Amino acid sequence: MEAKKKKKSHVPFRLNILFLAVFLLFTTLILRLGVVQIVYGDSFKAEAERQENVTAKLDAPRGKMYDRYGRVVVDNEPVFSITFTRTDNMKPDEMYQIAKKLSGYIEKDTDELTKRDKKDFYLSYRADQRKIYEKLLTKKEMDELNDKEQYLLVIDRLEADELNLSKEDKEIAAIWREMIRGYSLTPQRVKVDVPQKEIAVVSEHLEEFDGKIDIKPDAQRTYPYEGTLKSIFGKVGQIPSELIDGYVLEGNDRNDLVGTSFLEEQYESVLRGTKTKINYVTDKSGNPIGKPIEDQGSRGQDIILTFDMELQKRVEKIVEREILDARQKYAANNKLSSSFVIMANPHTGEIYSMVGKVLEDGKFQDAPFGNVYNQYPMGSTVKGATVLTGYQTGVIEPGTVLYDTPLELPGTPIKKSYRNMGYVNDIEALQQSSNVYMFRIAMRIAGYDFENKRGFNNRQEAFETMRYYFNQFGLGVPTGIDLPYEDDGYNGGSQALGNLMDMGIGQFDTYTPMQMVQYISTIANGGYRMQPHLLKEIKKPGISADEQGDTAYEFQPNILNRIDMKPEWIERVQKGLYMVMNTTKGTAGSYFKNTKGYEAAGKTGTAQYDGDSYLLSLVGYAPYDNPEVAFVVVSPYAEEGGINNKIGRAILDAYFDIKKEGHKKEIIKQPDKKPSDNNQDPY
Amino acid sequence: MTNPEKETPFSQIDYNLLFILFLLICSSCIAIYSAVGQYEGNFVLKQLVWYAVGFGAIAVVMILDFDQFLKLSWYIYGFGILLLLGIILIPLVDPNAGTKEAIVPYINGAQSWYRYGGIAFQPSELMKVALIISIANAITLHNEKYLDRSIREDFLLLGKIILISIPPIFLVMLQPDLGTTLVFFAIIASLLLVSGIRWRIILLLLLISLLGIGGLVAIYMYNPEFLINYILHDEYQLNRFYGWLQPYEFEQGFGFQLVKSLLAIGSGQLYGKGFGEGNVYFPEAQTDFIFSVIGEEFGFMGTSFVISLFFLLVYRIIHAALESNDPFGSYLCAGVIGMITFQVFQNIGMVIGLLPITGIPLPFISYGGSSILASMIAIGLVLNVRSRTRKYMFD
């Protein structure tokens, strides 16, 4: 009993100590609560009453594009899209399940699915992923490589046909592919322009997706002229992931659609609308309180392009017709499958028409971008620049007569014209396209003494001189066209004398059709290198969607440089170019006979191309005495039949026909003018 | 021994304690209703169902005389450890491991739950009670064996307690669940205090823990990088600390919850905004942050009322412990006090910025079945001790 008493004696005391500790802890809590709720209560209350601000954004329609006569070429169409919103830490399996479920309700095109997509998809949801890794990787690789390197190796080694994806699987993969491109908490379009029937089915099942799938009103670009120039108008799409930060900084949302190529990209900042922002004040449950404050956005500005769609359509038809005709008439033309044509205003640089046609499997594909992306040896068409360079460097002067006969140079095949012309002057050399005349100019610029076969000591300087003057015409330098990218031709470097001579006949450096049209415009307009451009005007958005507003900007012709050559020298070359097309001896004389209402000037070209093949080209302008339109025609792999001249003649005829017919202007709705602006009764 | 009430321990229930429990249940339902509204998933109803289950558990606990727990203690302990081991082992054989269907899913970065169908259960909650019973058992047996204790015997007891504690602490740390680990420590500490171990040893242990905490604070003050690189490791843990110390700079992560919580509680002021009038929103308010809802809608009056309820609850438990003439009963009560007090202090402390944020629910108030079940079983133990006490009063 004694022991028990002793043992018991400590417990009540210790329990009291425990109780004291509890008391102290709870007192601390009460004190702290007093501080938070009573001492600082006021300031917390003020803070809490500030409530939460929520901003909702409404998409604004993108600006439209019109041709120079007010015809709509790129329009918007309201559509519905199905979107997927990813949450943080969403597991691959969950995404797979959503994609699978959705694939049961909608059709999804699987054409864009790449091999890589299929492999990514295959690996993403497989429960036995580990086994696939173990099968495809060596032990060493498993140990030494990091996750990303391992993944890439597995992707690399996975055989596409091993995946065994059924048609249904592919559809799931196509949906999944769109889903994974999204960002957390940002709706990502899974399918744009969803048919009404699918909308109905998906709406019925929306609840199954727990808010992760939604149907949203959206807009899609439409093209009233269908394929015509569509590629130049460019694409609108998801912001490329490498550019996302910049766009977000500019106030875009991650799921915004932006211009990703050509004009849509070039004029993104103009075409993009300003979103309407609606600021709500919300209570605890997220319900708006009171009237929201609206920051009215506006649709994007419209742009008027320099194209004449009527002319464009006709030129496209001509090019298609002539390619087919040339192939049909001459067996040698069996490789001829494409041609490129640009028509432009030589005084302003406005591009009227830009045609690229490529025949593939019996069908024509549009490739107008070939005019800025592709570069070719342009042949004799550059001779105008060669002659002017000759004058400027003082190696010839107007009227200089040179002897056209085959030239033998050491270590080089004999260099000659297509026939021996004997004594020709500068104008005749252009008219009949004398190569030897140009060779002699090049040799003189190089300081080469042909009779004694010596000289050409400073080859770099010789090439630099030639290119310096060629560049003034736009040959070998960017034209400055308003597109995100253009090729500026191929510079062959400083090589043999023979190469320098070939440059004089357009057989060494290569140029794009756009550079050629700039070059011929420079000669046509008396020596001004104009920046070619596709934008004519920017219109502010009108009040309704079909209405244009005031002009916000008008493109002013931009002179990039004036060539160094004297006006009278330019006139002399113009005369030579006139004779090409208007004399029987002229290389294009037979094709430009009996033109109605205009006289053209120009220069033909035949270049050796891709080994033994030929390329036919033509540059020119009309009318001769007061040029309205300059053009270039390039037909690679054309062996026979003068397709360049046939196209050239036909497109000039088309241009002047349309001019005579008058442009079918589409009426652009203008906002009502102020009464003071017209003479009508003032109401 | 002729006491007629002997056969019916249910009639000797501490109704004061039950009334306090009733008030806590009311507070819980009101707070949960306010936190989630009546529409979403019927949380209040589910909570009431869990309470019903809890009362069932109390009844089961009260069937046996608490003396019987002395004998059963190792089975209970073993069962708890087995459940904790399952958390570690089942994912190794579960074909659905790592997916949504896993029996042991990842929730908030830890594997602490069993889930099957719609029911989720956290075994570490039960382990708290098992730990109380087994340590109380060890102390009782030790004290009966060594009536005259030298410092050597004290250390022996300390060693036994440590030995019992290591497996559950280790298993819970693996999940990892810092909150429950701390609750284990609180239980151990309160049992150590009442076990009769010499003050010297207790003070020494206290000193060591204070030095440990003080050391961490000193390192944080003078060389935070060392703390980050060598002690906390995990960014998740680190963010908790930053969220606590500088909530306004780290408003997106853990700081977000604290900022919102302080805003809610503080703006409640003295009288609160009124039931259902709270306007500070934060997610999952019905679980760990339920106290913020009470603070916002019922103000200082409401919060001090709830704290008083807990204080009275502890008072009733102390009462039961003091009255009990069996030391085992006192030890059980002391363990329950440690468990409840620490959880209340830690939970309320974290929502008012006094302590770092750890995922500990507020006993009896927070929404959640496992927590309620464990707390109710603990109360069952106390009621049991209390109801078997009087029969000895006629000795």
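Pro92(A) is partly exposed, with a relative accessible area of 42%; on this scale, buried means under 20% relative accessible area, exposed over 50%, and partly exposed in between (1.4 Å probe, protein chains only). This proline belongs to helix H3 (residues 92-103) of chain A, where helices (H or I, at least four residues) and strands (E, at least two) are DSSP runs, numbered from the N terminus. Between the C-alpha atoms of Pro92(A) and Tyr125(A), which are 33 residues apart along the chain, the separation is 6.0 Å.

The model is predicted, and local features need pLDDT of at least 70, side-chain atom pairs count only at pLDDT 80 or more, and totals for chains, interfaces and linings use all residues. Residues are numbered from 1 along each chain as its sequence is written, chains are lettered from A and ligands numbered from 1 in the order in which they are written, and side-chain values use heavy atoms, with hydrogens and water left out.

The pLDDT (the predictor's confidence in each residue, from 0 to 100) averages 86 in chain A, and 92% of the residues score at least 70. Over residues 1-8 of chain A the pLDDT is below 50, and this stretch has eight contacts in the model beyond near neighbours in sequence, a contact being heavy atoms within 4.5 Å. Residues 667-683 of chain A also have pLDDT under 50, with 12 contacts beyond four places in sequence.

Chain A contains 23 helices and 26 strands, and 51% of its 683 residues count as buried. Of the contacts in chain A with a separation of 6 or more, 71% are between residues 24 or more positions apart. The chain exposes about 33,200 Å², of which carbon and sulfur atoms supply 48%; accessible areas come from the Shrake-Rupley method with a 1.4 Å probe, and for residues only the protein chains shown count as cover. Chain B has 13 helices and two strands, and 55% of its 395 residues count as buried. In chain B, residues 24 or more positions apart account for 69% of the contacts with a separation of 6 or more. Chain B exposes about 17,600 Å², with 68% supplied by carbon and sulfur atoms.

Six strands of chain A form an open antiparallel sheet in the order E13-E12-E11-E26-E25-E24, two strands being paired if DSSP finds at least two bridges between them. Its edge strands, each pairing on one side only, are E13 (363-366) and E24 (601-609) of chain A. Neighbouring strands of this sheet are turned by 15 degrees against each other on average, direction ignored; axes are lines fitted to C-alpha atoms, for helices over the stretch in contact, and angles run from 0 to 180 degrees between N-to-C directions. Helix H23 (residues 643-661) of chain A packs on the sheet and touches E11 (338-344), E12 (351-360), E24, E25 and E26 of chain A, with its direction at about 150 degrees to that of E26(A).

Within this sheet, eight bridges join E25 (residues 613-622) to E26 (residues 629-636) of chain A, and the two strands run antiparallel. E25(A) and E26(A) form a hairpin with six residues between them. Leu616(A) has Ser635(A) as its bridge partner, and Val619(A) stands opposite Val632(A). E26(A) is also joined to E11(A), by five bridges in an antiparallel arrangement; here Ala344(A) has Ala630(A) as its bridge partner. Eight of the eight residues of E26(A) are buried. On one side these are Val629(A), Phe631(A), Val633(A) and Ser635(A), and on the other Ala630(A), Val632(A), Val634(A) and Pro636(A).

Helix H16 (residues 383-393) of chain A is likewise mostly covered, with nine of its 11 residues buried. Gly394(A), which follows H16(A), has a positive phi near 80 degrees.

Over all chains there are 31 aromatic pairs; rings of Phe, Tyr and Trp (its six-membered ring) pair if their centres lie within 6.5 Å, and planes under 30 degrees apart count as stacked, over 60 as edge-to-face and the rest as tilted. Phe233(A) and Phe307(A) form an edge-to-face pair, 6.4 Å centre to centre, with 75 degrees between the planes. Phe233(A) lies in helix H10 (residues 230-233) and Phe307(A) in the loop between strand E10 (302-305) and helix H14 (309-329) of chain A, so the pair ties together parts 74 residues apart in sequence. Both residues, Phe233(A) and Phe307(A), are buried. The ring centres of Phe43(B) and Tyr367(B) are 4.8 Å apart and their planes are at 80 degrees, so this pair is edge-to-face. Both Phe43(B) and Tyr367(B) are buried. One aromatic cluster is formed by Phe19(A), Phe23(A), Phe26(A), Phe311(B) and Tyr315(B).
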